[in-house]
Amino acid sequence: MRVCAAGDELVSMSVCALLGPVRFFAPSSSLISNFNALNRAFINRVSTGRHFRSYNPMASSMSSSSSTNKDVPEVAEQLAKITAPYGSWKSPITAEVVTGASKRLGGTAVDGNGRLIWLESRPTESGRGVLVKESDNPGDEPSDITPKEFSVRNTTQEYGGGAFTVAGDIVVFSNYKDQRLYKQSLISDSPPQALTPDYGGRSVSYADGVFDSRFNRFITIQEDGRQSSLNTITTIVSVELDGKDINDPKVLVGGNDFYAFPRVDPKGERIAWIEWGHPNMPWDKSELWVGYLSENGEVYKRVCVAGGDPKLVESPTEPKWSAQGELFFITDRQSGFWNLFKWFEVNNEVAPVYSLNAEFSRPLWVFGTNSYEFLRIGAERNVILCSYRQRGQSYLGVLDEAQSSLSLLDIPFTDIDNIALGNHCIYVEGSSALHPPSIAKVTLNERTLGVEGFTVIWSSSPDILKFKSYFSLPEFIEFPTEVPGQNAYAYFYPPSNPIYQASQDEKPPLLLKSHGGPTAETRGNLNPSIQYWTSRGWGYVDVNYGGSTGYGREYRERLLRQWGIVDVNDCCSCARFLVDSGKVDGERLCITGGSAGGYTTLAALAFRDTFKAGASLYGIADLSLLRADTHKFESHYIDNLVGDEKDYFERSPINFVDKFSCPIILFQGLEDKVVLPNQARKIYHALKDKGLPVALVEYEGEQHGFRKAENIKFTLEQQMMFFARSVGRFQVADNINPIKIDNFD
């Protein structure tokens, strides 16, 4: 890791610990004395194993008056709540706890014996991707499948996804180091066997594959960057599975810019896929095709099923064949919401299976999305198990095509990603305000299709629930934008701590999060990173500005040619809404975001005066530079979001450094190929030369998004210290060594 300091020198993290005292607002001596005494009493009770009596932090809003709840420790009964400034509260949800809760889920599958297989990324192993198998006996520990010298992860379109596929007792996966495909047995200890050639480095990658039993091959997306890393060639290819000879994959479908979801029918006679070309992104306009396979396995005829009508704008996704050979898919034609449709092959027509103003899929940023499964009931009845989102919440349902009915399944998750069909159950990737990202096994009554059991199989943070008394529950808010009659949405998390309260005349500082994408959606689930802030006395708001997904095409297209305007306006409107509602301090508004959210952060700080400080994580300062340097997948993305050359110039924060007026901290991975490191360096030097308080942290070995535990921890802590020092007016309770801030220290 490298930290940019004064004089453009690069100093190590250990040197940063020696940078001397930090300037803080000085509270009164009596406040400090009371704070320390009560803090010692609190620590003593924790260390001696005595627990606090229950307290429900959500029974009140900002000042958190006490209540009863059996899950909270006993100290709240024996001690009056400590009155201390917002932001200075001590919390057991430390950066180490957050780092330990940062395991990422990379997909699920079910093997031939009905056991769940999942992919988890482990920050404590530098982000290594490991396939894990559910134990045969309930209660036993799951077992790792991936040998330690392998890491399951692909780099296709930079964001990857769909890095492994399971069929029976075999898994095929992508290995991160060389991006080759490997075949591994799930029932023996034999080492993984390479299926694709070694092209040197990671220039050729694969994603979203399926087994083709008719021809004993693996059909997958291939991205080939050997000729040009910025203009890769994407095709659908077949890979031999016998392992006798390692040959170049055979191209089945090519010619367009991008492909996804190759899916073979049960008989191996037809293959469906999604394709799209520049300047469209897959959620703008895509096409669903079906190809017919010859006796030698080649595509000899193809039919466009959806997306080919120039008069109809749609973005089909997630094609899937039923056991009976019927093709289903999801598209947003006519209504603007991604709904389930069915293809009638005889006349090449499609019809909706069920219509609802809700999103049954999500944008194709990563491969491998799986939002629905087929379930056969008895001899003749077929239903579709599906998930969808509506007004900020996910639902799991049973769709009966014959009766055109949709019934909901009652489970605790309010946020659902992928689902996978098991034996007499369904595995659900999901979360809620009280559940971190998890996998749950949902058993169904075969007669009524009601939920009979809900068991968490895997959790990204199994220990986080012991801090439940500190949790801030999200409030779904709808606020007015600058466009009359248009509203936007966000999740607000008020400060929450069972031990502390602030004085009645103080409002908390606010950290506003602008999500990445920008065609993406933030969700109201249990995120330890958010709880890190709220348990210390911060208000936190996660904004779904205009252009976000989850609310239909019309809402998504608010950002067309308006990036840097609508998103910025909505973030500022949300912050003002919370100030006007009396929930936060208007003089202590901070903003943070990563990638596209980092751009919104910089644009808000350059073109508005709402926020007093900001943090940009691998954010964009120069839109023209992004367009010139970024990878193929997004190389035309921002043309639709920005507009002409004049718009590119006028919305690039780097061109208006004179308009910045507050402190900014920047974090950047040095191996980032989406937003190159020169973006952060360019804005850092410009702001430093202007004389503004600024700091830049660069991480070696990190790409677009940080995966290493030490870097996740450092980023979180240094944001906290930076905001506390620059606008907080409080002393952070944690022992954190601050980095040097140029033009401040």
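**Notebook: cavities, rings and cysteines**

I sorted the lining of the largest cavity and got five nonpolar, six polar and six charged residues; Ala, Val, Leu, Ile, Met, Phe, Trp, Tyr, Cys and Pro count as nonpolar, Asp, Glu, Lys and Arg as charged, and the others, Gly among them, as polar. The model is predicted, so I note that local features need pLDDT of at least 70 and side-chain atom pairs pLDDT 80 or more, while totals for chains, interfaces and linings use all residues. Residues are numbered from 1 along each chain as its sequence is written, and side-chain values use heavy atoms, with hydrogens and water left out.

**Cavities**

I took a cavity as a set of points, on a 1 Å grid over the protein atoms alone, where a 1.4 Å probe fits but cannot get out; lining residues have an atom within 4 Å of a point. Points are joined across faces, edges and corners, and the volume is the space filled by probe spheres set on them. I counted 10 cavities of 30 Å³ or more. The largest cavity comes to about 130 Å³. It is lined by 17 residues, of which E359, S361, R362, R389 and R523 are the closest to its centre. I then looked up which strands contribute to this lining: β25 (381-390) and β28 (415-421) each supply at least two residues. The most comes from β25, with three residues. Helices (H or I, at least four residues) and strands (E, at least two) are DSSP runs, numbered from the N terminus.

**Aromatic rings**

I paired rings of Phe, Tyr and Trp (its six-membered ring) if their centres lie within 6.5 Å; planes under 30 degrees apart are stacked, over 60 edge-to-face and the rest tilted. The structure holds 39 such aromatic pairs. I checked F607 and F656: their ring centres are 5.5 Å apart and their planes are at 70°, so this pair is edge-to-face. It links distant parts of the chain, 49 residues apart, with F607 in helix α8 (residues 596-607) and F656 in the loop between α11 (645-650) and β39 (664-669). F656 is buried at a relative accessible area of 16%, where buried means under 20%, exposed over 50% and partly exposed in between (1.4 Å probe, protein chains only).

Y618 and F706 are also edge-to-face, because their planes are at 80°, with ring centres 5.2 Å apart. Here 88 residues separate the partners: Y618 sits in the loop between β38 (613-617) and α9 (623-629), F706 in the loop between β40 (694-699) and α13 (709-728). I find Y618 buried at 15% and F706 buried at 7%. Elsewhere I traced ring pairs that link Y159, F258, W276, W283, W365, F633 and Y637 into a cluster.

**Charges over rings**

I required NZ of Lys or CZ of Arg within 6 Å of the ring centre and within 35 degrees of the ring normal. K320 lies over the face of Y372, at 4.8 Å from the ring centre. R627 lies over the face of Y648, at 3.9 Å from the ring centre.

**Cysteines**

I searched the whole structure for disulfides (cysteine sulfur atoms within 2.5 Å) and found zero. C574 is in no disulfide, and its nearest cysteine sulfur, that of C571, is 7.3 Å away. C574 is buried at 0% relative accessibility, and C425 is buried at 5%.

**K612**

I located K612 in the loop between α8 and β38. At 26% relative accessibility K612 is partly exposed. Its C-alpha atom is 9.2 Å from that of I664, which is 52 residues apart from K612 along the chain.

Key:
On a 1 Å grid over the protein atoms alone, a cavity is a set of points where a 1.4 Å probe fits but cannot get out, and a pocket is an open set with protein on both sides within 12 Å along at least five of seven lines; lining residues have an atom within 4 Å of a point.
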